[in-house]
Amino acid sequence: MAGAIIENMSTKKLVIGGVILLLFQAFAFMVGGLIAPSPTTAVHYLASKCVDTGKQGQETKWFMPWGPNQCDKIRNFDEAMAKKIEANDIVFAAHIPLPKKEMSPWFQFMLVILQFDIAFKMYNQIEEGAMVTLDVRLAYRDDTISEWTELAHSFEQRKLSCNLTISKTMDNEGRCYECDLLPFMEVGSVAHKYYLLNIRLPVNVRKKVNVGIGEIKDIRLVSIHQNGGFTKVWFAMKTFLTPSILISHDLVLEADHPHEQAACSAGEVSGVIFVASELQHCNAKRVLCP
């Protein structure tokens with residue numbers, strides 16, 4: 001009978017634990033749908049075309065697209081040709097994040113995607129299997145007045161995949177190709193407030209570097225990062241639900257072995273009865289045997 005009582009009690013605990021888990025699950029869905037923001041945010045950037053008026057390829061100089069120390073900029077490559085500015089002296093600059101914004105470690109990661117705006121020209125078309133070479137430098141800082149510190153510097157190559165949906169005639173010159181998005185870079189931990197990208201497209205006709213890639217008009221970037229609010233809600237939910245799951249797991253284990261608990265309880269009771277019987281026997285002997 002005692003075993004049956006314990007078994008019924010364990011089943012009751014199991015049901016209670018299951019109901020609690022379902023309530024926690026419903027609560028988590030409600031928090032995710034009503035309170036938590038979207039998991040990620042995508043921010044679009046148009047890189048500014050800065051002119052390197054100093055020594056070509058000077059690696060110690062950083063080009064800011066806006067602000068008090070912004071670079072000397074040009075609007076398009078027609079202006080560069082009019083001013084006799086070479087392609088190797090043009091730096092595409094992008095500041096992450098946008099003005100009056102800050103990055104945060106709560107963002108967890110930062111993924112950047114690249115897209116080219118390439119104009120169609122009869123004398124400068126995109127060749128089949130064209131590869132674009134990029135000289136990329138990434139810097140960071142944690143306030144708006146300190147100097148930039150280089151985080152990474154790399155030469156990268158990306159294969160262009162572009163289509164022109166119109167006929168290739170003189171009348172359609174200047175129309176843009178439709179180019180696929182290209183993976184660019186990923187920062188595994190957003191540990192700083194501000195990031196600066198400087199991108200060059202070095203041209204070397206003899207080595208066929210950046211030759212046959214069309215006439216690049218602009219570079220567009222899309223930065224994707226996890227929302228800080230989502231990270232905080234996700235962290236709070238894991239902190240709150242983990243102890244509850246462990247407690248429910250213990251209840252399930254207790255319900256899975258009710259007979260062992262009944263046997264242990266019966267052994268404890270029989271042990272108490274045995275000791276009491278021995279004491280009673282000894283007391284009887286003392287009375288009968290002076």
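## A tour of the cysteines

Select Cys176 to begin: this residue is partly exposed, with 45% relative accessibility. The model you are viewing is predicted. Now find the closest cysteine sulfur to that of Cys176. It belongs to Cys179, 8.4 Å away, which is too far for a bond. A disulfide needs two cysteine sulfur atoms within 2.5 Å.

How many disulfides does the structure hold? There are two. A disulfide is a covalent bond between the sulfur atoms of two cysteines.

**Next stop: Cys179 and its partner**

A disulfide joins them, with an S to S distance of 2.1 Å. Look along the S-S bond. Its torsion is about 110 degrees, so this disulfide is right-handed. Cys162 sits in strand β8 (residues 162-163) and Cys179 in strand β9 (residues 178-179). The pair links distant parts of the chain, 17 residues apart. Buried or exposed? Cys162 counts as buried at 19% relative accessibility. Cys179 counts as buried too, at 12%.

**Next stop: Cys50 and Cys71**

Select Cys50 and Cys71. Here the S to S distance is 1.9 Å, and a disulfide joins the two. Cys50 lies in strand β2 (residues 48-51), while Cys71 is in the loop between β2 and β3 (73-74). The bond therefore ties together parts that are 21 residues apart in sequence. Which hand does this disulfide have? The torsion about the S-S bond is about -55 degrees, so it is left-handed. Cys50 is buried, with a relative accessible area of 0%. Cys71 is also buried, at 12% relative accessibility.

**Last view: the pairing**

Select the bonded cysteines together. Numbered in sequence order, they pair 1-2, 3-4.

Terms used: Residues numbered from 1 in each chain as written. Predicted model: local features only at pLDDT ≥ 70, side-chain atom pairs only at ≥ 80, totals over all residues. Heavy atoms only, no water. Helix = DSSP H or I, 4+ residues; strand = E, 2+ residues; numbered from the N terminus. Buried < 20%, exposed > 50% of the residue type's maximum accessible area, 1.4 Å probe, protein only.
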